[in-house]
Amino acid sequence: NKEHYCVLILTNLMILCFDTANWHCERNAELYDGITCPEGYFKASKEVFETQCEQAGTPCPEGKSCYCSPCIEAYEVNLYPYSIEGGANETSERTGTNHGCGKMSVCGIVEQDKEITYHAYDNLQREDAVIKALAHLGGRSHDLPVTKIGPFLYEFQFSKSEPGLAILEVLIDGVHIPESPVQVQVTSSDCEAMFPGEYRIPDAQGDCICPSETVMIAGKCLADNAHEVGVYPWTINGEHVPLNITIQSGCNKMGICATVSQTKEIIFQAHDNQHRHNASLEALIHIGQAEWYLHVKKIDSYVYEFGFIHNEKGVAILEIFMDGIQIPDSPVRVDIEYRDCDLD
């Protein structure tokens with residue numbers, strides 16, 4: 001039965017029996033070539049056969065050779081995805097749990113334009129076999145170059161720019177292997193992972209592009225109302241200001257950027273949408289005949305913060321400079337109102 005198989009050792013006039021769940025130790029002998037596996041099981045490669053017990057942590061007594069589960073339940077050909085863009089998915093070429101992909105199963109999921117590598121191990125161990133791989137997607141077909149990378153072990157790569165369900169056929173010596181064909185799911189590119197916060201979407205070829213409602217600024221997709229530097233009120237007396245603008249758009253040139261009461265501190269933030277490294281931002285405020293520079297601190301890679309308090313009603317004009325040059329949306333206006341004593 002499938003759980004038990006034996007090998008006749010003529011030199012010792014003994015029968016050495018193997019069980020798929022157990023192993024036995026005998027005198028040194030070359031047993032590999034004499035092993036015959038039951039239907040649905042195939043011999044492990046000789047390299048695996050000779051090291052299985054050692055890797056399982058079951059050392060042999062001195063003078064003995066140990067063999068653990070020499071037969072592996074598997075398909076005629078183990079076909080499985082091995083890596084995507086160089087990241088190995090399997091730690092072993094053939095294990096008891098790696099039976100390969102079944103016929104018409106989804107044998108791998110890969111993003112547009114990313115390469116998935118497949119391995120195919122011929123459990124029948126046919127010498128000089130000719131392996132062919134063929135891919136079908138969107139009414140088009142093409143051959144995939146196959147390389148022999150080890151004894152009875154073959155490798156090929158698959159990549160497609162358009163999303164969809166591809167069909168892979170694998171043939172040995174012109175005949176479909178029993179597990180062929182299989183399916184490969186090609187998904188849309190994950191543009192958010194590659195370009196976080198830029199709203200990019202994949203096109204038909206898998207390239208991440210700016211959608212129509214955005215614009216390109218300094219190589220980045222931003223909201224179509226985005227400014228080079230977005231300036232916006234952040235807090236008034238420590239309370240966050242509800243915004244009806246995005247931090248990327250900010251306040252418009254000479255528009256009313258905020259309204260604040262006398263004696264209350266208002267904090268502004270400025271977001272550099274061009275992501276300039278080691279840039280210097282300055283904020284200059286004008287109220288009446290007086291003007292002075294505000295203290296600016298950098299709170300994130302491209303975010304700056306500054307604020308002021310004024311005791312008199314009036315209009316403040318705020319100028320913003322980046323590396324000594326006034327930004328396109330500067331200056332902006334801040335209205336200072338009488339203090340509402342009923343709220344105090």
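Guide: Asn 273 counts as buried because its relative accessibility is 1%. Buried means under 20% relative accessible area, exposed over 50%, and partly exposed in between (1.4 Å probe, protein chains only). This is a predicted model: local features need pLDDT of at least 70, side-chain atom pairs count only at pLDDT 80 or more, and totals for chains, interfaces and linings use all residues. Residues are numbered from 1 along each chain as its sequence is written, and side-chain values use heavy atoms, with hydrogens and water left out.

Asn 273 sits in the loop between strand S25 (266-272) and strand S26 (281-287). Strands are DSSP runs (E, at least two residues), numbered from the N terminus. The Asn 273 side chain makes a polar contact with the side chain of His 271, at 2.9 Å. Such a contact is a pair of N or O atoms within 3.5 Å; within protein, one must be able to donate a hydrogen and the other to accept it, and residues adjacent in sequence count only if both atoms are side-chain atoms.

Next, Lys 160. This residue lies in the loop between strand S14 (153-158) and strand S15 (164-172). Lys 160 counts as buried because its relative accessibility is 10%. Its C-alpha atom is separated by 9.8 Å from that of Ala 135, 25 residues apart along the chain.

Last, Asp 113. Look between strand S9 (106-111) and strand S10 (116-122): Asp 113 is in that loop. Asp 113 counts as partly exposed because its relative accessibility is 42%.

Terms used
Helices (H or I, at least four residues) and strands (E, at least two) are DSSP runs, numbered from the N terminus.
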